[in-house]
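Biologist: Please take a close look at the nonpolar core of this protein, and describe the elements that surround it.

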Amino acid sequence: MNGHTLHEAPSASWRVALPHTAAAVPVARALVRTALAGLEHPADSDTAELLTAELVANAVEHTVDAGPIELVVELLPGGCQVEVHDPDPAPPGALTRPGPTAPDPWQEHGRGLLLIRALSSSCGHRPTGSGKAVWFRLSALPPRLSPA
């Protein structure tokens, strides 16, 4: 390894209830940014923020129950995982595979799940006792070697 040591990021997790309003989006982005920056975690913070915003915005827009949305951020040695829990048990549209039609390039909406599929290492959803959790994972960025 040419005298360079690779440091693994410590594991940590956060679980935060968010309001079922559009105000949850910037709060979720800030939490992810702070979590990744505070531990000098090697996952790409900009991508994590973007994908988190998409998940939270989808939960707010596409669930009718006004119950809280929950954000779970897990920092792992190999990257990070972000989950958004909402009260609707219905699976998200075309999260793990493309939908039957491409998003309309002239519309403001319709690209969130495409972004999550394209930019994450993996993504999916699972049922929970109170609805569902939609998640994505980002792999750690390659370490930067400092000059000797």
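Modeller: The nonpolar core and its elements

The largest nonpolar core has 29 residues, and Val56, Leu71 and Phe136 are those with the most contacts inside it. Such a core is a set of buried Ala, Val, Leu, Ile, Met, Phe, Trp, Tyr and Cys residues joined through side-chain atoms within 4.5 Å. At least two residues of this core come from each of helix H1 (24–38), helix H2 (45–62), strand E2 (69–76), strand E3 (79–86), helix H3 (112–119) and strand E5 (131–139). In soluble globular proteins, nonpolar side chains tend to be buried together.

This is a predicted model, in which local features need pLDDT of at least 70 and side-chain atom pairs count only at pLDDT 80 or more, while totals for chains, interfaces and linings use all residues. Residues are numbered from 1 along each chain as its sequence is written, and side-chain values use heavy atoms, with hydrogens and water left out.

The protein has 3 helices and 5 strands, in the order β-α-α-β-β-α-β-β from the N terminus. Helices (H or I, at least four residues) and strands (E, at least two) are DSSP runs, numbered from the N terminus. Of the 148 residues, 36% are buried; buried means under 20% relative accessible area, exposed over 50% and partly exposed in between, with a 1.4 Å probe and protein chains only.

Within H2, the buried residues are Thr47, Ala48, Glu49, Leu51, Thr52, Ala53, Leu55, Val56, Ala59 and Val60. Not counting residues up to four places away in sequence, Val56 touches Leu18, Ala24, Val25, Ala28 and Val84, where contact means heavy atoms within 4.5 Å. The 18 residues of H2 should span 26 Å at 1.5 Å a residue, and its end C-alpha atoms are 25 Å apart, which agrees; the expected span is 1.5 Å times one less than the number of residues. At the start of H2, the backbone nitrogen of Asp46 lies within 3.3 Å of a side-chain oxygen of Asp44.

Strand E3 is mostly covered, with 8 of its 8 residues buried. On one side these are Gly79, Gln81, Glu83 and His85, and on the other Cys80, Val82, Val84 and Asp86. E3 pairs with E2 in the antiparallel sense over 7 bridges; two strands pair if DSSP finds at least two bridges between them. A hairpin of 2 residues joins E2 to E3, and Leu75 stands opposite Cys80. E3 also runs antiparallel to E5, to which 8 bridges join it, and Gly79 has Ser139 in E5 as its bridge partner.

Technical notes: A polar contact is a pair of N or O atoms within 3.5 Å; within protein, one must be able to donate a hydrogen and the other to accept it, and residues adjacent in sequence count only if both atoms are side-chain atoms.
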